Amino acid sequence: MATLQAIKYNDGQLEILDQLLLPESCIFIPICNVEDAWAAIREMKVRGAPAIAIVGCLSLAVELRKLAAPETKEELCRFVKEKLDYLVTSRPTAVNTQLAAEACVKLCARLTDNTSVDTTAAKEDIIKHLEAMLADDVADNLAIGEHGARDITKKNATKDKLRILTHCNTGSLATAGYGTALGVIRSLHKANKLDQVYCTETRPYNQGSRLTAFELVYEKMPATLVCDSMAAAAMKQFKIDAVIVGADRVAANGDTANKIGTYQLAVLAKSHDVLFYVAAPFSSIDFQIPNGQSIPIEERPHSEMTHTGSIRTAAAGINCWNPGFDVTPAELITGGIITEKGVFKPDQLAPHQSN
């Protein structure tokens with residue numbers, strides 16, 4: 001069965017699967033401009049670091065296709081930069097949008113300096129650059145899946161099939177397709193190496209129970225849902241072989257920001273002698289940030305904790321702390337960081353920055 005498709009783009013028409021409605025219904029909504037994308041990202045109708053960047057950039061491509069070519073390339077580039085700067089503010093922890101914006105701004109600068117390129121041609125080049133992100137992300141995810149599956153299988157060579165624990169949602173719904181951590185699990189399943197995948201509920205927003213479980217059932221993978229508070233017991237009871245999670249931002253030293261609850265899984269994995277992997281494209285690595293203490297952590301609305309839908313489930317008046325992410329220290333990433341370029345120990349990332 002084909003993987004789910006959460007982003008549809010064709011000839012300047014962009015639609016996204018509204019993930020707030022899953023698993024009850026699969027409804028695609030149009031994204032007609034950058035403002036639509038910003039709102040969809042902020043409201044978590046689309047989420048996952050790669051998908052956020054892709055939807056943001058494609059929304060700009062939609063606007064540019066409708067835009068009459070400005071009189072000058074400088075005016076065009078100002079327009080592009082303003083739109084990208086706005087998109088970066090939608091969710092601050094994930095670095096993918098920021099890096100995508102920086103790459104596009106650099107392209108604008110090169111096009112402006114090139115006197116042989118007129119404004120219309122410059123606009124077309126920018127659109128092509130933005131639209132290429134969709135296919136590039138799928139290719140990167142497939143590579144991540146293969147590298148990760150190979151490494152985990154090698155490190156568990158005495159076992160015919162593996163038991164994997166994952167957190168949050170890192171599959172087709174979080175990327176252009178296939179996924180990062182869930183992509184590795186898909187590759188293990190394709191190779192007939194997956195015994196069972198255990199997905200956490202991922203409170204308070206339930207990305208695991210709503211989204212990852214949905215993907216696993218959709219693709220008929222052997223899977224079991226566990227509450228976040230069951231992770232330690234599951235590692236012991238089911239003899240988990242590896243924990244694989246995604247990342248919204250990786251610092252230069254390998255410290256990793258990911259969905260809240262990841263840090264405690266890394267601590268538990270270390271205690272139970274279970275390999276802990278982070279799967280992420282190089283676009284999630286921020287070499288400008290030295291360590292995890294410098295990663296901005298998004299605070300989410302308290303209603304995500306106090307309500308289930310419109311129903312209040314917490315005492316009125318209680319104070320809440322709702323960070324969207326936590327930081328896992330590099331030394332707890334015992335399996336490695338799985339990228340499209342291979343699997344690396346956290347301190348091995350920097351030499352491969354520009355390869």
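The following passage describes the interface between the two domains of a predicted protein model. Local features were considered at pLDDT of at least 70 and side-chain atom pairs at pLDDT 80 or more, whereas totals for chains, interfaces and linings use all residues. Residues are numbered from 1 along each chain as its sequence is written, and side-chain values use heavy atoms, with hydrogens and water left out.

The protein chain is divided into domain 1 (7-137) and domain 2 (157-352), with bounds that come from an automatic or database domain assignment; the centres of the two domains, taken over C-alpha atoms, lie 26 Å apart. Contact (heavy atoms within 4.5 Å) involves 26 residues of domain 1 and 29 residues of domain 2. The area buried between the domains (accessible area, 1.4 Å probe, lost on putting the two parts together and summed over both) is about 2200 Å², of which 54% is on carbon and sulfur atoms. On the side of domain 1, Met44, Arg47 and Thr93 lose the most area to domain 2, together accounting for 27% of what that side buries.

One salt bridge (a side-chain nitrogen of Lys or Arg within 4 Å of a carboxyl oxygen of Asp or Glu) is found across the interface of domain 1 and domain 2. The side chains of arginine 91 and glutamate 298 form a salt bridge, with an N to O distance of 2.9 Å.
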